[in-house]
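The following questions and answers concern the structure shown below.

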Amino acid sequence: MAELQQDARRRIELRGRRFPRPAETRIVTVANQKGGVGKTTTTVNLAAALAQSGLNVLVLDNDPQGNASTALGVEHRAGTPSIYEVLVEGAPIAEAVQESPDVPNLWCLPATIDLSGAEIELVSMVARETRLRSALDTYLQWRIDNGLERIDYVLVDCPPSLGLLTVNAFVVAREVLIPIQCEYYALEGLSQLLKTIQPIQAHLNRDLHVSTILLTMYDARTNLAQQVASEVREHFPERTLRTTVPRSVRISEAPSYGQTVMTYDAGSSGALAYLEAAREIAERGAATTDVTPSNSATAESGAEEDR
């Protein structure tokens with residue numbers, strides 16, 4: 001009954017609502033070294049939620065599996081212009097980016113199976129850690145020069161490993177969003193990821209910071225999920241979103257239809273949860289693109305007052 005009441009409240013509050021635009025393009029990498037925590041699901045559904053709410057969103061599918069490309073309904077068969085050509089051959093993003101057929105104002109730079117060999121090919125290249133950042137900066141400027149609307153959000157999906165693909169994803173971003181599955185092992189993965197980010201901050205990207213933590217696969221009926229959520233909120237109170245994403249069959253089904261849950265079943269509890277999470281992220285970043293631990297509490301309280 002509580003879940004039904006929550007979904008009803010979200011439908012009333014969020015239906016047709018437009019989210020505030022950030023002061024400048026926010027570039028967010030969705031990362032977690034542990035697999036199966038909902039990185040790709042979070043990336044595509046947050047992207048769709050932001051785009052449906054009036055923002056321009058670009059997804060960079062930096063995972064050789066190409067699951068984000070599948071969920072967004074864009075072509076990513078072998079031979080399709082993709083992020084591989086951008087990273088390895090220096091092709092411009094403008095030649096490979098595709099618009100999602102289901103969600104206006106949502107674009108995707110797809111990943112093909114070729115990307116699986118990029119780790120080896122990048123090793124001997126000059127500026128191998130910054131190739132994605134240089135390409136994205138060029139693309140964002142190209143849009144402005146050609147009179148196109150500015151991209152508001154760039155979301156980067158990356159593989160569950162620390163190779164050159166993930167390093168490129170950390171270097172291109174200014175923020176890191178960490179989805180955490182509400183199970184014990186997820187806490188260990190979080191501490192490992194934070195340690196991994198530190199040398200990136202020190203040597204390659206001083207602007208990088210963990211801005212957002214999202215609890216996924218949350219089952220309020222279990223004590224374990226509540227304990228994990230409580231512990232994460234205790235250690236990272238400013239960075240953990242109030243919204244939790246429940247376990248949902250609809251979220252799991254959507255990719256098999258080449259869709260996000262936002263278009264597959266917009267009224268489901270999973271879709272409403274991602275829409276509310278997207279609103280939190282947008283409101284936190286409405287005044288500034290740098291939501292650091294010192295000021296994120298202020299941003300969160302301001303969003304609460306707006307509501």
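Q: Across which strands does helix α12 lie, and at what angle does it run to β8?
A: In this predicted model, helix α12 spans residues 269–284. The helix lies across β1, β5, β6, β7 and β8. Its angle to β8 is about 165°.

Q: Is α12 largely enclosed by the rest of the structure or open, and how many of its residues are buried?
A: A residue counts as buried when its relative accessible area is under 20%. Helix α12 is largely enclosed by the rest of the structure, because the number of its 16 residues that are buried is 15.

Q: Which strands are the edge strands of the open sheet?
A: The sheet has eight strands with mixed pairing, in the order β3-β4-β2-β5-β1-β6-β7-β8. An edge strand here pairs on one side only, and this applies to β3 and β8.

Q: Which residue of β4 is the bridge partner of Val59?
A: Strand β2 (residues 57–61) runs parallel to β4, and four bridges join them. On the other pairing, β3 (residues 98–99) meets β4 in the antiparallel sense over two bridges, with Gln98 opposite Cys108. The bridge partner of Val59 in β4 is Cys108.

Q: Are the faces of strand β4 covered or open, and which residues are buried on them?
A: Strand β4 comprises residues 106–109, and both of its faces are covered.

Q: The charged end of which residue sits over the ring of Trp107?
A: For a charge to sit over a ring, CZ of Arg must be within 6 Å of the ring centre. Here the charged end lies 4.7 Å from the centre of the Trp107 ring, and the residue that supplies it is Arg143.

Q: Is the aromatic pair of Tyr139 and Trp142 stacked or edge-to-face?
A: The two residues are three apart in helix α6 (residues 131–145), so about one helical turn separates them. Tyr139 is buried at 3% relative accessibility, whereas Trp142 is partly exposed at 36%. Their ring centres are 5.8 Å apart with 20° between the planes, and the pair is stacked.

Q: Are the rings of Tyr257 and Tyr264 stacked or edge-to-face?
A: Tyr257 is exposed, with a relative accessibility of 54%, and Tyr264 is partly exposed at 21%. Planes under 30 degrees apart count as stacked. The ring centres are 5.0 Å apart and the planes lie at 25°, so the pair is stacked.

Conventions:
Residues numbered from 1 in each chain as written. Predicted model: local features only at pLDDT ≥ 70, side-chain atom pairs only at ≥ 80, totals over all residues. Heavy atoms only, no water. Buried < 20%, exposed > 50% of the residue type's maximum accessible area, 1.4 Å probe, protein only. Pairing = 2+ DSSP bridges. Expected span 1.5 Å × (residues − 1). Contact = heavy atoms within 4.5 Å. Axes fitted to C-alpha atoms, helices over the stretch in contact; angles between N-to-C directions. Phe/Tyr/Trp six-rings, centres within 6.5 Å; stacked < 30°, edge-to-face > 60°. Lys NZ or Arg CZ within 6 Å of the ring centre and 35° of its normal.
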